[in-house]
Amino acid sequence: MEALPRLLKTREALRLGSGEEARIRGWVYRKRDLGGKIFVVIRDSEGIMQVVVDRSKAPPEAVEAAEEATIESAVEAWGRVEADPRAPGGAELRAEGFVLHSRAEDFPIKGGEGVDYLLDVRHLWIRSRRLTAVWRIRHTALKAMREYLESNGWWEVSPPILTQSAVEGGATLFEVNFFGRKAYLSQSAQFYLEALIYSLERVWSLTTSFRAERSRTRRHLYEYWHLELEEAWAHMRDSMRVAAELTAAAVKGVLDERVEELELLGRNIDALERASKPDYPAITYDEAIELLKRKGVSVEWGDDLGADEERVLTSYFDTPFFVTHFPKHIKSFYMKVDRDRPEVVLGFDLLAPEGYGEIIGGSEREDDYEILLSRIKEEGLDPEEYKWYLDLRRYGSVPHSGFGLGVDRLVMWVAGLDHIRDSIPFPRFRDRIYP
Ligand code: NSS
């Protein structure tokens, strides 16, 4: 038997010259039967390519297989590539062979369905071209950040998810019954990373974090991916520089490798170009309040900035930007109190432009035992629960800072998505944990 042409991804096959042989496989994306010819568009992990099965030229078993193939059937085809401006990607495969590996039943997604229905069939919807483009962008953003950290001397560590105390306040804690005792799903790996800087100095982790958020919004998940890092001997400004470089590295990586996907999603590339250089501006919380008042927002010094306020602030900037020095009482107890201005803490948020808002939250950490203890008490927390965390201030305490980046929020912004659920394949919702 004659050897079959070599197996290629659709993207590679599209780049071949006319007359060259190729074999591709994937799933039926579209099909039209025009009598003389059957046009089958095949989708694989790299894109789509049109296959033409000519009834007068292809072997009868190939014609039969193409006839039987339904949308989303698993198929394989081979033949010669020919340039054709009408075909997606500018070329098509003239089939000399066509095999039906698995015939799909009537596919339950036909286009035009509502969000609720699409979430019920999320396990099938994740193969759509739009979502596939998002998964590819997400992969590349993560890769670029990992490469940035790797080449700048950061150690990757593996903190636990089952924890014994709150990092970001009790209100959003998920409780777990741990052999009859109370435990919680981690909101943040921060405290474990803080412990690890005394060993490795610069550490980072990528874990899931859990938040029992009260409100449903476009930018909150109950389970999300958290990239966190912590550095010994670092002050707030040092950590802000890393936050900017890390974010710019992610954006640059996506611009270098995923332009096709961004275009498929209709993303404005110029906005990303500006974000690919890490020279992001910074304003203080005080200035933020002034800017908000200037736009007629009714806020007072001391108010927390929610999604609405952040959206207004982003209208002043066309790159990501920092907000720093928040009032102490709206931030977590571990943030270092500004010694010159004890009503504010050395905390920072990084906000993405175009209305997206916060993607990073970080701070310098309180490194003084007595001040930290009094902050814990001030917040009505039990010092006994934070004993080991306080210990870190008793044995060689050093200035240190760090932050957490919401990977799903970053992807939402970079890909230009309307809702955070589409930044992640299987989002968890309050009323459904399916599929
Ligand atoms: O609450 S944060 O602002 N900060 C922390 O958890 C610190 N303990 C992190 C640290 O310093 N190591 O969360 C950090 C980021 C925030 O900026 C968002 O981008 C993201 O985590 N985040 C979320 N993403 C999706 N859904 C939800 N619910 C969510 N909450 C925070």
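Biologist: By class, what residues make up the lining of the largest cavity?
Modeller: That lining has five nonpolar, five polar and no charged residues, where Ala, Val, Leu, Ile, Met, Phe, Trp, Tyr, Cys and Pro count as nonpolar, Asp, Glu, Lys and Arg as charged, and the others, Gly among them, as polar. This is a predicted model, in which local features need pLDDT of at least 70 and side-chain atom pairs count only at pLDDT 80 or more, while totals for chains, interfaces and linings use all residues. Residues are numbered from 1 along each chain as its sequence is written, and side-chain values use heavy atoms, with hydrogens and water left out.

Biologist: OK, which residues line the largest cavity?
Modeller: Its lining is formed by Thr-163, Ser-165, Val-167, Leu-185, Ser-186, Gln-187, Ser-188, Phe-191, Tyr-192 and Trp-388. A cavity here is a set of points on a 1 Å grid where a 1.4 Å probe fits but cannot get out, and lining residues have an atom within 4 Å of a point.

Biologist: And what is the volume of the largest cavity?
Modeller: The volume is about 70 Å³, taken as the space filled by probe spheres set on the grid points, which are joined across faces, edges and corners.

Biologist: Why is the pair of Phe-191 and Tyr-389 called stacked?
Modeller: The ring centres of Phe-191 and Tyr-389 are 3.8 Å apart and their planes meet at 25 degrees, so this pair is stacked. It links distant parts of the chain, since Phe-191 is in helix α6 (residues 190-200) and Tyr-389 in helix α13 (residues 387-391), 198 residues apart. Helices (H or I, at least four residues) and strands (E, at least two) are DSSP runs, numbered from the N terminus.

Biologist: Are Phe-191 and Tyr-389 buried or exposed?
Modeller: Both are buried, where buried means under 20% relative accessible area, exposed over 50% and partly exposed in between, with a 1.4 Å probe and protein chains only.

Biologist: What about Phe-322 and Phe-348, how do their rings sit?
Modeller: Phe-322 and Phe-348 form an edge-to-face pair, 5.9 Å centre to centre with 75 degrees between the planes. Phe-322 lies in strand β13 (residues 321-324) and Phe-348 in strand β14 (residues 347-352), so the pair ties together parts that are 26 residues apart in sequence. Both of these residues, Phe-322 and Phe-348, are buried.

Biologist: Changing topic, how many residues of strand β10 are buried?
Modeller: In β10 (residues 202-210), seven of the nine residues are buried, which leaves the strand mostly covered.

Biologist: Which way does β10 pair with strand β11?
Modeller: β10 and β11 (residues 223-232) pair in the antiparallel sense over nine bridges, and two strands count as paired if DSSP finds at least two bridges between them. On β10, Val-203 has Glu-230 as its bridge partner in β11, and Val-203 is also the bridge partner of Trp-155. Strand β6 (residues 155-156) runs parallel to β10, joined by two bridges.

How values were computed
Rings of Phe, Tyr and Trp (its six-membered ring) pair if their centres lie within 6.5 Å; planes under 30 degrees apart count as stacked, over 60 as edge-to-face and the rest as tilted. On a 1 Å grid over the protein atoms alone, a cavity is a set of points where a 1.4 Å probe fits but cannot get out, and a pocket is an open set with protein on both sides within 12 Å along at least five of seven lines; lining residues have an atom within 4 Å of a point.
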